[in-house]
Amino acid sequence: MAIEGARTDRLGVLLDQFDQAREMAQVRLTGLGDEEYLWEPVPGCWSVRRRGEAATPEAYGPGEWVLDQGAPDIPASEYAEVARQSAGGMPVAKIAEDWSVSTERVEQVLAHTGTPEPDETPVTTIAWRLAHLHSCFAGGWEWTLGERRQDPKLLVDFTPSAAPALERFWALIDRWRDSVATLTDEQLDTVGLSQYPYGSDPDDPFTAVLSGANLEFVHHMAEIALLRDLWRARHTTSG
């Protein structure tokens, strides 16, 4: 289906994609309450928790509430990306640095053949997904368009309440979008325009970084939408 007024320049295509995803996401998040926001559909979920109650060894955040995070690893879903990095000439040591893992772990992934093992990424709450996105985009803005000095893990004061979390999140997302819209073609082509310290951003042209940010937004919002569906249907039983 053709979209009236759709742009065809590369920045316009990425902005239109982001705008449509944002519009759909905001509709899907309407009416989100605290109980649903923190709902853990299975044992062992990652979520937003009080600092002394974190369920993971690498949980982070600047305040009383932190975001669960496990020890760094390369999930099975990213094996192909690691292979592409290696095929493109990136040294194993650099790949390891980008993923915050050992060179031995990268070599294990590169030596893997056949179908990847099932991904062991944990189930997460809506609170976790939203906070993760907030953290990523806050860090992306700071290290591309801001002062490039604050640790991304200390930029977001996480909250167990859905309403303030959403209010702060949409404000940050709109700042990101409006700032990106001002970039020139030269900036889009600039390798290292983003100096985000976790990952490969400093080695990539910003067009690739922006495309990746869109993908991150879309796939996590799709997961949140599914969690909302499961919440609504949680007491439904088959006849």
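What is the relative accessible area of Arg 148, and is Arg 148 buried, exposed or partly exposed? I looked this up and found 32%, so Arg 148 is partly exposed. Buried means under 20% relative accessible area, exposed means over 50%, and partly exposed lies in between (1.4 Å probe, protein chains only).

I note that this is a predicted model, where local features need pLDDT of at least 70, side-chain atom pairs count only at pLDDT 80 or more, and totals for chains, interfaces and linings use all residues. Residues are numbered from 1 along each chain as its sequence is written, and side-chain values use heavy atoms, with hydrogens and water left out.

I placed Arg 148 in the loop between helix 6 and helix 7. Helices (H or I, at least four residues) and strands (E, at least two) are DSSP runs, numbered from the N terminus. The phi of Arg 148 is near 60°, a positive value in a residue other than glycine.

I then turned to Glu 142, which is found in helix 6 (residues 126-144). Glu 142 is buried but has no salt bridge. A salt bridge is a side-chain nitrogen of Lys or Arg within 4 Å of a carboxyl oxygen of Asp or Glu. For Glu 142, the nearest side chain of opposite charge is Arg 149, 5.3 Å away. Lys and Arg count as positive, Asp and Glu as negative; His and the chain ends are not counted. The Glu 142 side chain does reach the backbone nitrogen of Gln 150, at 3.2 Å. Beyond neighbours within four places in sequence, Glu 142 has contacts (heavy atoms within 4.5 Å) that include Arg 148 and Leu 155.

**Entry: Asp 201**

I found Asp 201 in the loop between helix 8 (185-189) and helix 9 (206-232).

In helix 5 (residues 103-111), I listed Arg 105, Val 106 and Val 109 as buried. They fall within an arc of 100° seen down the axis of helix 5, so they line one face of the helix. The arc is that of the directions from the helix axis to the C-beta atoms. These buried residues pack against helix 3 (79-87) and helix 4 (92-99).

In helix 4 the buried residues are Ile 95, Ala 96 and Asp 98. Their arc around the axis is only 160°, which puts them on the same side of helix 4. Ala 93 and Glu 97 are exposed, on the face turned away from that buried side.

**Entry: the cores**

A nonpolar core is a set of buried Ala, Val, Leu, Ile, Met, Phe, Trp, Tyr and Cys residues joined through side-chain atoms within 4.5 Å. The largest has 45 residues, and among those touching the most other members are Leu 130, Trp 170 and Met 221. Helix 1 (10-28), strand 2 (65-67), helix 6, helix 7 (162-180) and helix 9 each supply at least two residues of this core. I also noted a second, separate core of ten residues, including Val 82 and Val 106.

Key:
A polar contact is a pair of N or O atoms within 3.5 Å; within protein, one must be able to donate a hydrogen and the other to accept it, and residues adjacent in sequence count only if both atoms are side-chain atoms.
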